[in-house]
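Subject: Structure handover, with notes on helix packing, pockets and a cavity

Dear colleague,

Please find the structure below, and keep it open beside these notes while you read them.

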Amino acid sequence: MRSRHGWSCLAALAVVTGCSTTGSGTGAPPGPGAPQPPARTAEVRGPEVPSGPVAGLDLGQALALAGRIHPTLAELEAQVEEARGRAEQAGLFPNPDAVYRMESAPFEGKTTREAEHVAGATFHVPLWTRLSSAERAGLLDAQRLERELAARRLEIGRDVRTAFAAALHLSKVVEVRGSAVEAARSAADLTRGRVAAGDALPQDAGRAEMEAIRAETDLSESRSRLREALVELAVRIGSSGLSIESVSGDVEAAIDLPALEALAAAIDRSPAMEAARAGTAVEEARLEVARDERIPDVDLDLFYRRRGADESDTFDVGVKIPLPAFDRNQGEIRAAHAAVRAAQARERRVAEELAGRLSNAHARLAGALERSRVFRQDLLPRSKSVLDAAETRYRAGDMTLAEILPIRRERFSIEIDYLEALREVLAARAELSPFLDAPTP
């Protein structure tokens, strides 16, 4: 019987701590027959990106693609999940410590049999509401990150809209430049025919050919700028390796000027504003955690003792209470108070920045809409009428090449300026998109 003293203590220890260690996932490494954890892959795989060239990409497709493959959104989604995991961990009760000791063991004789064997566990008991406060702070932090994810999604949408507007504008500029090249080549052919017929001077043919070369140079430059804009659009979507061949859309899409008052009301419910308010709530919850941590955890000891000398069974019960004589967590509380004030100031700053961005974007859109209206209703019709009349006179021989060339240049210049005004409209609409696309209450 006496040889079983040590085994009895170990059995008691297993009974006391068994419920707390079951399923914990810690301890000795798994044996040869146990399932092994998956090996870490060397390559980090992202979302599926179109492998071939993308032609005719419209704005809706660009926004949807950015929402699916943009790495910033994937990073924030992972951070939200990380915060949820930390919140879950913060609310868990601490694990007990298993203890086994052999006490009063003699150096001579039957050491193990004559010693006292102690087995048991130490339980760490959090007092007050520290666990619930820590879990609440973690959940609020996860909500803050969710709001930041929504705000970042709108910002990425704004950037995609702006880049798409630039690419669509340049694609239309390329079309206008192509028309200018065709017109210049046709004029050069007509002038060479007149020179051959003796109705024009040879230098007129040279001037017409120079005009055609100039138009081709402008077209080449616009095509180069378009390629750069398509690359920039791919970057804004979230993949520099995305090959965009062309974009499609209506550059003259009807865009109204929304009321500034209605948009100002959207500031308060915008994800950026909600994220700022959530940040303040997180810091206030962390302040509560710091206050709860002023009261230290209590350690509860529960031990079974087997006396080897007289073979008696006893138990020990103990409580350890730290005395907060010097450390009352006053430094963390002071830091948490400062963090709350900083979060409140950040909340006010975000509100001011959103209001300023809204006012600037609204004024920009109003100006761009007015400029495009002037071009569409006045300059474009008049320039077309003037050019048509000049072309008729030139073909009839009533106007020289030197007289018609400036009129042609002015017409194409007005078309390019009109497209620029439309690009400004689309870019200003993109700046307003975080407010226009904000969730309704």
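What volume does the second largest pocket have? It is about 220 Å³, where a volume is the space filled by probe spheres set on grid points that are joined across faces, edges and corners.

Before going further, please note that this is a predicted model, in which local features need pLDDT of at least 70 and side-chain atom pairs count only at pLDDT 80 or more, while totals for chains, interfaces and linings use all residues. Residues are numbered from 1 along each chain as its sequence is written, and side-chain values use heavy atoms, with hydrogens and water left out.

**Pockets and cavity**

On a 1 Å grid over the protein atoms alone, a pocket is an open set of points with protein on both sides within 12 Å along at least five of seven lines, a cavity is a set where a 1.4 Å probe fits but cannot get out, and lining residues have an atom within 4 Å of a point.

The second largest pocket is lined by 13 residues, and Ala134, Ala137, Gly138, Arg286 and Val289 lie nearest its centre. Helix H3 (71–90), H5 and H8 each supply at least two residues of this lining; helices here are DSSP runs (H or I, at least four residues), numbered from the N terminus.

The largest pocket holds about 270 Å³ of space, and among its 13 lining residues Ala180, Glu211, Asp218, Arg409 and Phe412 lie nearest the centre. Helix H5 (130–197), helix H6 (202–237) and helix H10 (401–436) each give two or more residues to that lining, with the largest share, 5 residues, coming from H5.

The structure also holds 1 cavity of 30 Å³ or more, and the largest cavity has a volume of about 80 Å³. Its lining includes Ala151, Leu154, Pro271, Leu354 and Phe435, and H5 gives the most to it, with 3 residues.

**Helices H8 and H9**

The axes of helix H8 (residues 271–292) and helix H9 (residues 330–396) come within 9 Å and cross at roughly 170°, where axes are lines fitted to C-alpha atoms over the stretch in contact and angles run from 0 to 180 degrees between N-to-C directions. That crossing makes H8 roughly antiparallel to H9, because angles over 145 degrees count as such.

Best wishes

Key:
Parallel < 35°, antiparallel > 145°, perpendicular 65-115°, else oblique.
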